[in-house]
Amino acid sequence: MKKLSLLAIIALALTLIASCSSKKAETQNEQNQAIEQYQCPMKCTEEVFDKAGKCPVCEMDLEKISNS
Ligand SMILES: [Zn+2]
């Protein structure tokens, strides 16, 4: 009986650890999407934009900045 409850506790702990680590991975993915940034390819302005568009200075298409 004692051995069985110990196994149950270990199984429960492993389940908790597994659910915790999968949640962490999801949060990291969301953060990666949130920090997607765009900047002028000519770097004529230090301004960083959070969505695609055109540079207000030279009107070139903004380039996505990769954080990887
Ligand atoms: Zn520009």
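Me: What places V57 in the loop between β1 and β2?

Reply: V57 lies in the loop between β1, which spans 37-39, and β2, which spans 63-65; helices (H or I, at least four residues) and strands (E, at least two) are DSSP runs, numbered from the N terminus. This is a predicted model, in which local features need pLDDT of at least 70 and side-chain atom pairs count only at pLDDT 80 or more, whereas totals for chains, interfaces and linings use all residues. Residues are numbered from 1 along each chain as its sequence is written.

Me: Why is V57 called exposed?

Reply: A residue is buried if 20 or more other C-beta atoms lie within 10 Å of its own, exposed if 12 or fewer, and partly exposed in between, with C-beta atoms placed from the backbone. V57 has 11 C-beta neighbours inside 10 Å, and therefore counts as exposed.

Me: Which residues does V57 contact, leaving aside its neighbours within four places in sequence?

Reply: With those neighbours left aside, V57 is in contact with C40, C44 and T45, where contact requires that the two C-beta atoms, placed from the backbone, lie within 7 Å. For M42, which is 15 residues from V57 along the chain, the value is a C-alpha separation of 10.0 Å.

Me: What makes P41 exposed, and what does P41 touch?

Reply: P41, which is also found in the loop between β1 and β2, has 12 other C-beta atoms within 10 Å and is therefore exposed. Not counting residues up to four places away in sequence, P41 touches M60 and E63, while the C-alpha atoms of P41 and I65, 24 residues apart in sequence, are 9.6 Å apart in space.

Me: Why does A52 count as exposed, and which residues does A52 touch?

Reply: A52 has 11 C-beta neighbours inside 10 Å, so the exposed label applies. Lying in the loop between β1 and β2, A52 touches Y38 and L62 when residues up to four places away in sequence are not counted; A52 and L62 are 10 residues apart in sequence, with 5.9 Å from C-alpha to C-alpha.

Me: Why are K43 and E59 called exposed?

Reply: K43 has 9 C-beta neighbours inside 10 Å and so counts as exposed, and E59, with 9 other C-beta atoms within 10 Å, is therefore exposed too.

Me: What describes the chain as a whole, in elements, burial and contacts?

Reply: The chain has 1 helix and 2 strands, which follow the pattern α-β-β when read along the sequence. Buried residues make up 3% of the 68 residues in the chain. Among contacts between residues at least 6 apart in sequence, 22% join residues at least 24 apart.
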